[in-house]
Amino acid sequence: VVAALRESGRVRVAEPDLVRTAFAVNDPYFVDQWHMADIDVETAWAHTTGAGVTVAVIDTGLHTGGEDTPVHVSGGYDFAYDDNDPSDFDGHGTHVAGTIAQATDNGRGVAGVAYGATVMPLKALDDNGSGYSSDIIDAILYAADHGAQVANMSLGSKYGSTAEQSALQYAASKGVVLVAASGNDGSRRQVSYPASYPETIAVGSTTIGYAVPRYSNRGAGLDLVAPGGDWADANGDGYYDGVLQETHDGTSFRY
């Protein structure tokens, strides 16, 4: 029938009436992830879930084996301790990786923004959440040379580094999208490094209702803001307004 209508010359377009379905997910805590609604994530999922994209998470590593661990994990290295095991015993890196690509629509836990993406965990910060720029540089170069299309750096300080910027320039020349947190010092004048470099996208924080929390750095170099949360309970659900993901506290997994 469609073929006959197309050949008739009497209609502009003839095509099947396609079935569309809602993108609501069955993760039980998705309703508590206010940050997903704030970025209208379900509309984004209608276009892409990040499949085919590798995101290097330069952080404290990634602890796998939880009930809601990101499905797609590839490669990785521990630059902080110089070994092949980037396991996370701080929790920050696992939380960040989950925000990006938590297992989604699996009937457990929470959802991730780009759950089809592949996480490349690069441990450049130690088990106390701090580290040297030399290890971060190594991680940036590793990401650029091992196929990462995006590198996320939720870390920094107020001081710049010529060598670090050179590494970022190299990664950018290979097409890597470089994203860094603006910092949590509450500065109104300048974002932290590496977010301050022109090669990176500097991202500040918002709370429910798109307010900027006092801790989030702003000023020169800020490019975007996105949900980061606060220690308040603006929506009155009985929980503080953090970004809810699965992480590992050094001894066990928790949300």
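Backbone exceptions and aromatic pairs

In this predicted model, P194 sits in the loop that runs between β5 (177-181) and β6 (200-206). The peptide bond joining Y193 and P194 is cis, with omega at about 15 degrees.

Y193 also takes part in a ring contact. The search of the whole structure finds 8 aromatic pairs. In one of them, the ring centres of Y193 and Y197 are 5.0 Å apart and the planes meet at 55 degrees, so the pair is tilted. An edge-to-face label would need an angle over 60 degrees, and a stacked label one under 30. The cut-off for buried is under 20%. Elsewhere among the aromatic residues, ring pairs link F30, W45 and Y115 into a cluster.

Two further backbone features concern phi. D82 is not a glycine, yet its phi is positive, at about 55 degrees. D82 belongs to the loop between β2 (77-78) and α4 (92-101). Its relative accessible area is 57%, and D82 is therefore exposed, the cut-off being over 50%.

Y210, likewise a residue other than glycine, has a positive phi near 70 degrees. The loop that holds Y210 lies between β6 and β7 (224-227). Is Y210 buried or exposed? With a relative accessibility of 53%, Y210 counts as exposed.

Technical notes:
Residues are numbered from 1 along each chain as its sequence is written. This is a predicted model: local features need pLDDT of at least 70, side-chain atom pairs count only at pLDDT 80 or more; totals for chains, interfaces and linings use all residues. Side-chain values use heavy atoms; hydrogens and water are left out. Helices (H or I, at least four residues) and strands (E, at least two) are DSSP runs, numbered from the N terminus. Buried means under 20% relative accessible area, exposed over 50%, partly exposed in between (1.4 Å probe, protein chains only). Rings of Phe, Tyr and Trp (its six-membered ring) pair if their centres lie within 6.5 Å; planes under 30 degrees apart count as stacked, over 60 as edge-to-face and the rest as tilted.
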